[in-house]
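Here are my notes on this model, point by point. Please read them with the coordinates open.

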Amino acid sequence: MEIKEILTRIGYLRNKANLSAREVSLRMNMSPQYVAQLESGRIVLTVEKLLKILEICNFPIDRFFSNNIEDYNLDKELVSLIDALPTNKKKNIIEFIKK
């Protein structure tokens with residue numbers, strides 16, 4: 001994942017949490033402009049800061065880095081159901097999908 005997409009996703013999850021860039025910045029004990037500058041690429045993102053933003057927005061890290069952030073819950077449920085199947089049923093599903 002490119003840094004530009006990571007920064008875009010920060011804005012997405014912040015908006016999903018109904019938080020302004022200023023509010024997240026202040027909750028991080030940073031300057032009020034910090035997150036806006038971060039999202040615009042003017043400040044380098046650290047892992048520590050990303051984890052703090054995810055915590056503030058109550059957003060799971062695995063969802064943040066998932067291929068499809070919108071369908072994350074559906075994908076997770078599907079994987080869970082498939083994991084519970086015996087091998088022969090998994091093979092049947094693969095064959096069905098390939099057709």
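**Notes on the model**

1. S25 is buried, with a relative accessible area of 0%. Buried means under 20% relative accessible area, exposed means over 50%, and partly exposed lies in between (1.4 Å probe, protein chains only). S25 sits in helix 2, residues 21-27. Helices here are DSSP runs of H or I with at least four residues, numbered from the N terminus. Leaving out residues up to four places away in sequence, S25 touches M30, S31, P32, Q33, Y34 and V35. Contact means heavy atoms within 4.5 Å.

2. A word on the basis. This is a predicted model, in which local features need pLDDT of at least 70 and side-chain atom pairs count only at pLDDT 80 or more, while totals for chains, interfaces and linings use all residues. Residues are numbered from 1 along each chain as its sequence is written, and side-chain values use heavy atoms, with hydrogens and water left out.

3. The structure holds four salt bridges. The term means a side-chain nitrogen of Lys or Arg within 4 Å of a carboxyl oxygen of Asp or Glu. One of them joins R14 and E39, at 2.7 Å from N to O. R14 lies in helix 1 (residues 3-16) and E39 in helix 3 (residues 34-39), so the pair ties together parts that are 25 residues apart in sequence. R14 is buried at 9% relative accessible area. E39 counts as partly exposed, at 22%.

4. E23 is partly exposed, at 29% relative accessibility. R27 is partly exposed as well, at 43%.

5. In helix 4, look at K52 and E55. They lie three residues apart, about one turn of the helix. Their salt bridge has its closest N and O atoms 3.7 Å apart. K52 is partly exposed, with a relative accessible area of 32%, whereas E55 is exposed, at 55%.

6. Which residues touch the most other members of the largest nonpolar core? They are I10, V24, I53 and F64, out of 20 residues in that core. Helix 1, helix 2, helix 3 and helix 4 are the elements that give two or more residues to this core. A nonpolar core is a set of buried Ala, Val, Leu, Ile, Met, Phe, Trp, Tyr and Cys residues joined through side-chain atoms within 4.5 Å. Setting aside neighbours within four places in sequence, I10 is in contact with L38, E39, L45, L50, I53 and F64.

7. F59 belongs to the loop between helix 4 (47-56) and helix 5 (61-64). F59 is buried, with a relative accessible area of 8%. Beyond residues up to four places away in sequence, F59 touches Y12, L13, L54, F64 and I69. The C-alpha atoms of F59 and E2 are separated by 19 Å, and the two residues are 57 apart along the chain.

8. I61 lies in helix 5. At 42% relative accessibility, I61 counts as partly exposed.
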